[in-house]
Protein chains: 2
Amino acid sequence: MPQQHRAHATRHAILTAAAEEFDRAGYAATPLSAILRRSGVTKGAFYFHFPSKEALAAALVHAQEAVWPELYQRWVDRGLDPLRTLVGIIDDLVRAVATDTVVRAGLRLSSESRVVDNELPSPYPLWERVLFEMFDQAAGAGLLREGVSPAVAARVLNAALVGARIISCSLNRCTDVVQRTREVWPLVLPGIAAEDWLADWTGEWRHGVSPVQVQ
Amino acid sequence: MPQQHRAHATRHAILTAAAEEFDRAGYAATPLSAILRRSGVTKGAFYFHFPSKEALAAALVHAQEAVWPELYQRWVDRGLDPLRTLVGIIDDLVRAVATDTVVRAGLRLSSESRVVDNELPSPYPLWERVLFEMFDQAAGAGLLREGVSPAVAARVLNAALVGARIISCSLNRCTDVVQRTREVWPLVLPGIAAEDWLADWTGEWRHGVSPVQVQ
């Protein structure tokens with residue numbers, strides 16, 4: 001069905017062009033005209049696919065969100081302990097940020113959710129909850145350092161990850177986001193993980209046999 | 001000189017109104033008209049003080065930057081060790097973020113520097129350099145954990161602090177930025193500081209006799 005193909009290709013061209021423009025300048029500073037110019041789509045054709053610039057931004061946020069459940073499940077299915085699972089998920093996630101413009105733009109737009117659309121939820125509580133769940137499981141398995149609260153660990157790690165991404169994406173378009181994120185673990189895990197777990201993990205990590213390297 | 005007073009008051013009214021508007025919605029989404037409305041200043045009077053919205057944003061960035069050298073020097077003059085000095089500076093800094101709209105807006109605008117004005121430098125390398133200098137001094141004084149690189153420690157701590165501020169300011173207008181930042185230390189310092197230093201500091205911190213509490 002060539003017509004459906006064409007519609008699909010147009011929608012894809014709009015989303016890709018929008019991702020590149022929003023990723024570069026953010027939501028408010030990107031005029032719809034810049035997206036149309038980059039995509040080569042006319043205004044008429046555009047409105048066949050999206051009612052507004054706001055709806056287009058929301059579509060990118062949702063496209064980015066759609067990536068995570070499968071990635072998450074893939075790591076859970078490996079049956080590693082909760083802390084190794086957490087490190088693996090985050091490592092995959094930031095590699096997607098480094099390589100995929102739609103993911104990158106979707107994350108940036110979701111950080112700007114108040115500007116884009118008051119109906120879009122902020123992404124930070126969601127990520128904090130996901131990290132909390134994993135730290136809570138880790139606490140249950142005796143993998144946390146004595147006295148560490150899973151909720152505090154989730155907030156601090158979330159802050160370090162959000163900061164690493166924002167700094168990297170601001171300075172060099174996320175080119176070193178994987179490296180900046182990997183630097184977080186050896187500095188933050190000693191304050192969070194139990195000593196035995198940490199000793200094993202540090203050995204694996206230094207020798208590159210950590211699950212994030214061998215998958 | 002009443003006329004000078006009046007000019008000063010007008011400039012102050014513009015800066016305060018601009019800080020409130022930019023803090024709320026960011027640079028690109030804040031029209032000059034909203035700032036004029038809030039300040040009660042006419043467009044004609046505005047242009048007597050600032051040539052453009054861009055120049056106004058740059059003035060807020062510089063007003064915010066002007067706060068730090070004195071704050072920094074005050075802590076250096078106390079003659080504490082480099083790590084305690086660092087914790088004290090950051091604690092003061094985030095209290096300014098929590099309470100001072102000009103500081104808050106200036107920081108937000110400087111994070112958006114590429115959107116505001118290509119001549120404005122990104123704030124992240126500057127903060128990274130300041131943190132690096134202090135960790136480098138700490139390394140020289142034998143206060144860092146074996147194998148910890150001052151450069152990596154600076155990047156990771158910078159990420160955690162930037163993230164804590166951005167999350168707090170996004171979720172609740174920076175209301176809990178002091179608490180979120182204080183949560184960072186007990187989790188991140190064990191991966192950075194030498195054991196002896198950490199044992200002393202942890203005792204002080206838990207008992208509220210840390211310099212940030214007693215100043």
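User: What does A:Arg84 form a salt bridge with?
Analyst: A:Arg84 pairs with A:Asp81, and their closest N and O atoms are 2.6 Å apart. A salt bridge here is a side-chain nitrogen of Lys or Arg within 4 Å of a carboxyl oxygen of Asp or Glu. Before we go on: this is a predicted model, so local features need pLDDT of at least 70 and side-chain atom pairs count only at pLDDT 80 or more, while totals for chains, interfaces and linings use all residues. Residues are numbered from 1 along each chain as its sequence is written, chains are lettered from A and ligands numbered from 1 in the order in which they are written, and side-chain values use heavy atoms, with hydrogens and water left out.

User: Thanks. Is A:Arg84 buried or exposed?
Analyst: A:Arg84 is buried, at 12% relative accessible area, whereas A:Asp81 is partly exposed at 21%. The cut-offs are under 20% for buried and over 50% for exposed, with partly exposed in between (1.4 Å probe, protein chains only).

User: How many salt bridges over all chains?
Analyst: Searching the whole structure gives 30. As a general point, side chains of opposite charge can pair when their charged atoms come close.

User: What about A:Arg182, which residue does it meet in a salt bridge?
Analyst: That would be A:Asp91, at 2.7 Å from N to O. This pair links distant parts of the chain, since A:Arg182 sits in helix H11 (residues 177-188) of chain A and A:Asp91 in helix H6 (residues 82-99) of chain A, 91 residues apart. Helices are DSSP runs of H or I with at least four residues, strands are runs of E with at least two, and both are numbered from the N terminus. A:Asp91 is buried at 0% relative accessible area, and A:Arg182 is partly exposed at 23%.

User: Over to chain B. How far apart in helix H1 are B:Arg24 and B:Glu21?
Analyst: They are three residues apart in H1 (residues 2-25) of chain B, which means about one helical turn separates them. B:Arg24 is partly exposed at 43% relative accessibility, while B:Glu21 is buried at 8%.

User: Which residues do salt bridges with shared partners join into one network?
Analyst: That network holds A:Arg74, A:Asp91, A:Asp92, A:Arg95 and A:Arg182.

User: Where does B:Arg173 lie?
Analyst: B:Arg173 is in the loop between helix H10 (150-172) and helix H11 (177-188) of chain B, and B:Cys174 lies in the loop between H10 and H11 of chain B too. B:Cys174 is buried at 0% relative accessibility, whereas B:Arg173 is partly exposed at 40%.

User: Nice. How are chains A and B related?
Analyst: A 180° rotation with 0.0 Å of shift along its axis puts chain A on chain B, with an RMSD of 0.0 Å. The two copies are therefore related as by a two-fold rotation axis.

User: Where's A:Arg180 found?
Analyst: A:Arg180 is in helix H11 of chain A and is buried at 9% relative accessible area. Leaving out residues up to four places away in sequence, A:Arg180 touches several residues, including A:Leu171, B:Glu128 and B:Arg155.

Definitions and conventions: Contact = heavy atoms within 4.5 Å. Least-squares fit on C-alpha atoms with pLDDT ≥ 70 in both.
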